Amino acid sequence: MPDVLPAEIYRRIVEHLYPVHDTKHLAAIARSSRLLHNIAEPYLYSMLYLVGPRHLQDMLKNYVDRPLLSTFIHHLYIRATDRDRIPPSYWTDVSELLKRCAASLELLVIMAADHEACYFSWVLRSLHGATGNLTILRVPFGWDTEATAYLESPGARGLSRIETADIPGGVSLTPNQVPGTLTLRNDAAPHLTVIEAPPSAVCLLVPGRPVTHVRFKFGLSTTLHSFPSASHLVGRCLVRSTAAKGLLAFDMGDLTHAQHSETYSLDVMELSARFLPNLKYIGAVNFPFAKDVPVTRLYQPLLRLTELENIELVISHLHPPVDPYWELSTCCDLRVYSHALRDITFLKGNYDRHRWVWSDEEEDFVMIAQMGTLPDWGGV
C-alpha cells in the first residue's frame with residue numbers, strides 16, 4: 001500500500017527529486033495514489049517551461065480548467081524563437097498566464113528572438129498588481145517606460161535580482177551623463193541587490209537601492225555600447241548603493257563590446273579604491289601592458305582595497321603569451337600589496353582561464369583550474 005508510511009516521509013522523497021525537477025518520476029509518483037498526488041503535484045508544477053505558442057495554449061487550458069495549478073508555479077521559463085512562428089495572440093496568452101501565477105512566482109526568465117524583445121516590457125504589466133513575491137527577473141527587454149513602470153509597481157517590491165541582456169534604444173549616454181530620458185523613483189524595487197545589465201541600466205538602478213553585486217552585461221548587437229566615464233560610474237552611481245557595506249562585487253564583463261579607453265578598467269579600479277573600499281571582488285581588469293601605462297596602476301589601488309579577496313585579470317592582449325610561471329610570479333606580487341587576496345584568475349579567452357588560489361598550507365598560490373567556468377562573482 002502506498003500510504004503505509006507517514007506523509008512526511010513521502011514528502012521528503014518528493015523533495016529529493018525537486019531540485020533537478022525530475023518530471024518523469026514526479027508524474028509517476030503523482031499517479032500512484034490520491035495521497036501521493038496531493039504531495040507531488042505542487043512540486044511537479046513548480047517549474048514551468050514554455051517552449052512555444054502551442055505549448056502555452058495547452059498549459060493555459062489546464063490552468064483554466066484547474067485554477068489551483070497556477071498557485072504552484074514558482075519558476076517560469078518562457079522561450080519564443082523565430083521557429084515558433086509566433087501568432088499575434090501569443091504575448092496576450094503570456095500576459096494571461098503571468099496574471100494567474102503572479103502571486104506565487106519567484107523566478108521569471110524570458111528568452112526570445114531579437115525582434116520579439118520589444119514585447120516583453122508591456123507583458124510585465126501583468127505583474128503590476130502582484131503581491132511582490134517575484135525575486136529574480138531575467139529578460140532581454142528594451143528599457144522603456146513600461147519596464148520602469150513595472151519596477152515602480154507593487155509587483156517589484158520583492159525583486160532582489162534583475163538580469164537584462166540589452167537596452168536597445170530609449171537610453172543614451174554621453175561620457176559624463178546618466179540616462180536622461182528615463183528616471184526611477186527611489187522607492188522602486190527597494191530590495192534589489194544584484195544587477196546584471198548594460199552600463200546605462202546600472203546607472204539607473206544602483207542609486208538608492210541596496211545593491212551589492214553588479215555585472216556589466218551586453219547583448220548580441222554588433223553596435224558598440226557607449227560607457228559612462230569611470231568617474232561618473234564609480235563616483236556618482238556605484239557609490240550610491242544603500243547597502244550596509246556598499247558594493248561588494250563588480251564585474252566589468254567583456255569590455256570588447258564597449259567604447260572605452262584602454263585604461264578604462266584601471267581607471268575604475270583606482271576610483272574603486274577611493275569610493276568602494278569594501279569591494280571583495282573585481283572582475284575583467286585589463287592587465288597594463290603598454291609602455292606608457294605603468295604596472296603600478298594595478299598594484300597601488302590594492303593598498304586601499306584591503307577587503308579585496310578575488311580579482312580577475314584579462315591578459316588575452318599580452319604578446320607574446322605569458323606562461324604559468326609569469327602568472328604565479330604576478331600572483332605573488334599582487335599579494336604583497338594586499339594580503340587579503342586569495343583568488344586570482346587570468347582570463348586568456350572565453351574558455352581559456354587560469355585560476356590561482358592561495359594555500360595557507362603551502363604558503364603559496366596553487367593553480368586549481370585551467371579551463372571552464374568559474375564560481376559566480378568569484379564566490380563572493
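User: How many bridges join strand S5 to S6, and which way do they run?
Analyst: Three bridges join S5 (residues 161-164) to S6, and the two strands run parallel. Keep in mind that this is a predicted model.

User: Which way do the residues of S6 point, and are they buried or exposed?
Analyst: Val194 and Glu196 point one way from S6 (residues 194-197), while Ile195 and Ala197 point the other way. All of them are buried.

User: Switching topic: how many aromatic pairs are there in the whole structure?
Analyst: A search of the whole structure finds six. One of them is Tyr299 with Tyr337, a stacked pair with 5.1 Å centre to centre and 25° between the planes.

User: Where in the chain do those two tyrosines sit?
Analyst: Tyr299 is in helix H11 (residues 296-299) and Tyr337 is in helix H12 (residues 324-337). They are 38 residues apart, so the pair links distant parts of the chain.

User: Why does Tyr299 count as buried?
Analyst: Because its relative accessible area is 9%, and buried means under 20%. Tyr337, at 27% relative accessibility, counts as partly exposed.

User: What about Trp358 and Phe365, what kind of pair do they form?
Analyst: Theirs is edge-to-face, with 5.2 Å centre to centre and 75° between the planes. Trp358 is buried, and Phe365 is buried too.

User: Which residue lies over the face of Trp358?
Analyst: Arg335 does, at 3.9 Å from the ring centre.

User: Nice. Which residues form an aromatic cluster?
Analyst: Phe287, Trp326 and Phe346 form one together.

User: Last topic, the surface. Which residues form a nonpolar patch there?
Analyst: Val4, Leu5, Ile9 and Ile13 do, with about 350 Å² of accessible area together.

User: Where is Leu5 found?
Analyst: Leu5 is in the segment before helix H1 (7-17).

User: And why is Leu5 partly exposed?
Analyst: Because Leu5 has a relative accessible area of 40%, and partly exposed covers values between the 20% cut-off for buried and the 50% cut-off for exposed.

Conventions. Residues are numbered from 1 along each chain as its sequence is written. This is a predicted model: local features need pLDDT of at least 70, side-chain atom pairs count only at pLDDT 80 or more; totals for chains, interfaces and linings use all residues. Side-chain values use heavy atoms; hydrogens and water are left out. Rings of Phe, Tyr and Trp (its six-membered ring) pair if their centres lie within 6.5 Å; planes under 30 degrees apart count as stacked, over 60 as edge-to-face and the rest as tilted. Helices (H or I, at least four residues) and strands (E, at least two) are DSSP runs, numbered from the N terminus. Buried means under 20% relative accessible area, exposed over 50%, partly exposed in between (1.4 Å probe, protein chains only). A charge sits over a ring if NZ of Lys or CZ of Arg is within 6 Å of the ring centre and within 35 degrees of the ring normal. Patches are made of residues with over 30% relative accessible area and no salt bridge: like charges are joined within 9 Å, nonpolar side chains (Val, Leu, Ile, Met, Phe, Trp, Tyr) within 5 Å. Accessible areas come from the Shrake-Rupley method with a 1.4 Å probe; for residues, only the protein chains shown count as cover. A salt bridge is a side-chain nitrogen of Lys or Arg within 4 Å of a carboxyl oxygen of Asp or Glu. Two strands pair if DSSP finds at least two bridges between them.
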